[in-house]
Amino acid sequence: MRTAKTFTFHRPALASGYCDSLEGQGLVDSRSGLFLAAPRRTGKSTFLREDLLPAMLGCGWTTIYVDLWADKSKDPALLITSAVKKKMGDYAGIVAKMSRAAGLEKVNVLGALSLNFESTELPPGLTLTDALGALVEIGKAPVAIIIDEAQHALSTQTGIDAMFGLKAARDYLNLGSAQQMLFIVLTGSNRDKLAHLVLKRTQPFFGSQVTRFPLLGRDFTDAYTDFVNPQLAPSNQFSRDDMYEAFTTVGHRPELLRSIVGEIAINAGAEYLGIELKNGAQEIKERIWGVMESEFAGLPDIQRAVLETIIDQGKDYVPFSETSMRAYANLLQQEKISTASVQAALDVLREKGLVWRAAYGDYALEDESLAGWYKSKAQR
Ligand SMILES: Nc1ncnc2c1ncn2[C@@H]1O[C@H](COP(=O)(O)OP(=O)(O)O)[C@@H](O)[C@H]1O
Ligand SMILES: [Mg+2]
């Protein structure tokens with residue numbers, strides 16, 4: 001099943017729809033920024049690379065793609081500026097020529113940038129707005145910047161500053177220009193975390209909306225079934241229905257489906273393919289949920305109470321609000337809980353990688369699928 005690895009399902013209509021809304025056309029207006037959230041490993045980055053970037057290029061835009069998870073040890077702000085500078089490097093020859101021909105003010109910006117292509121940082125005194133503005137100028141085209149796993153920027157102050165810088169660049173470049181000159185796409189694996197960019201007045205993209213990025217669905221599994229079957233004996237074929245069912249069981253994650261299919265296509269006999277697919281998917285789901293179950297069960301009461309409250313309240317969670325303090329106390333069946341013990345529990349939950357904290361002191365689940373598991377547990 002080596003070739004199965006190269007299967008990519010494309011969603012060109014979705015991509016061109018996003019380009020339209022970035023331009024303010026169509027039903028959704030994303031001129032202030034497009035915010036897309038979907039769980040991990042469901043195909044966001046693949047879509048951005050394989051479908052959205054090509055669609056943007058098709059619009060004639062200069063494109064920049066930054067993945068803030070590509071290197072978690074690097075400051076998100078640095079990853080952003082270095083991606084912008086790298087794109088300018090593509091135009092290095094033009095920059096040199098223009099900086100000679102242009103007016104004084106532009107000579108400063110372009111000249112400073114052109115002297116400085118080696119470093120990943122912006123030259124002192126130059127802002128992200130300057131750099132993006134110069135890029136619009138050089139490319140003679142609007143710039144589209146995609147920041148993948150953008151919520152990661154919120155974990156450092158310089159990252160937050162970079163987000164404000166991006167917003168400032170957007171306002172500056174789009175102001176007084178008949179055409180929109182900067183398009184911003186921010187994605188994240190956790191809707192609540194991404195929401196931290198848009199919810200409050202103090203947050204960089206206050207007023208924008210986070211949209212759910214659609215999961216791959218039936219058309220994906222149908223195409224995948226049709227891709228896999230010809231590689232198998234005619235008597236040994238997957239059914240489209242079984243494939244779709246297994247895919248939903250593993251949380252719409254292509255990799256997991258691929259690994260089940262790869263394993264059983266070789267081993268199972270024809271009449272059992274459907275059953276094996278179902279079992280394989282169920283097994284994976286139980287394994288993932290089992291890990292969550294035991295992790296959850298192993299927590300001290302106070303940590304479990306805090307985690308349950310975060311899950312319950314989602315993006316509205318505020319650690320020491322009256323509502324939260326009452327919720328902890330209720331769960332623990334105690335009269336009152338001290339804020340110090342809540343803080344201590346939050347710190348440990350962070351260390352365990354269960355809870356995530358923005359530089360603002362807001363908290364959210366590190367892995368959203370924990371909430372899915374918890375809610376289904378509650379229904380059982
Ligand atoms: N459209 C697609 N067609 C085929 N495989 C896909 C598709 N989208 C994602 N995958 C596979 O699923 C896995 C996770 O995809 P990725 O784009 O990295 O997810 P995310 O960015 O949401 O974490 C990768 O192994 C990728 O090859
Ligand atoms: Mg990704």
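**Figure 1. Helix α6 against the sheet.** In this predicted model, helix α6, formed by residues 128-139, lies across the strands β2, β3 and β4 (182-188). The angle at which α6 runs to β3 is about 135 degrees. The strands named here belong to the sheet shown in the next view.

**Figure 2. The five-stranded sheet containing β2, β3 and β4.** Five strands form an open sheet in the order β2-β3-β4-β1-β5, and their pairing is parallel. The edge positions are held by β2 (62-67) and β5 (210-212); each has a single partner strand, so one side of each is left without a neighbour in the sheet. On average, and with direction ignored, neighbouring strands of this sheet are turned by 20 degrees against each other.

Figure 3. Strand β3 comprises residues 143-148 and runs parallel to β2, to which it is joined by six bridges. For V66, the bridge partner in β3 is I147.

**Figure 4. The surroundings of ligand 1.** A shell of 13 residues surrounds ligand 1, and the closest of them are G43, K44, S45, T46 and P254. The largest share, three residues, comes from α2. By class, the shell around ligand 1 consists of four nonpolar, five polar and four charged residues.

**Figure 5. The contact between domain 1 and domain 2.** The protein is divided into domain 1 (2-212), domain 2 (218-294) and domain 3 (299-379). Across the boundary shown, eight residues of domain 1 are in contact with 14 residues of domain 2. The side of domain 1 that touches domain 2 contains four nonpolar residues, three polar residues and one charged residue.

**Figure 6. The protein as context for the close-up views.** The predicted model contains 16 helices and seven strands. Its C-alpha trace spans about 70 × 65 × 40 Å along the principal axes. Of the 380 residues in the protein, 38% are buried. Among contacts with a separation of 6 or more, 66% are accounted for by residues 24 or more positions apart.

Definitions and conventions:
Residues numbered from 1 in each chain as written. Chains lettered and ligands numbered in written order. Predicted model: local features only at pLDDT ≥ 70, side-chain atom pairs only at ≥ 80, totals over all residues. Near = placed C-beta within 6 Å. Helix = DSSP H or I, 4+ residues; strand = E, 2+ residues; numbered from the N terminus. Nonpolar A, V, L, I, M, F, W, Y, C, P; charged D, E, K, R; others polar. Domains from an automatic or database assignment. Contact = placed C-beta atoms within 7 Å. Buried ≥ 20, exposed ≤ 12 C-beta atoms within 10 Å, placed from the backbone. Pairing = 2+ DSSP bridges. Axes fitted to C-alpha atoms, helices over the stretch in contact; angles between N-to-C directions.
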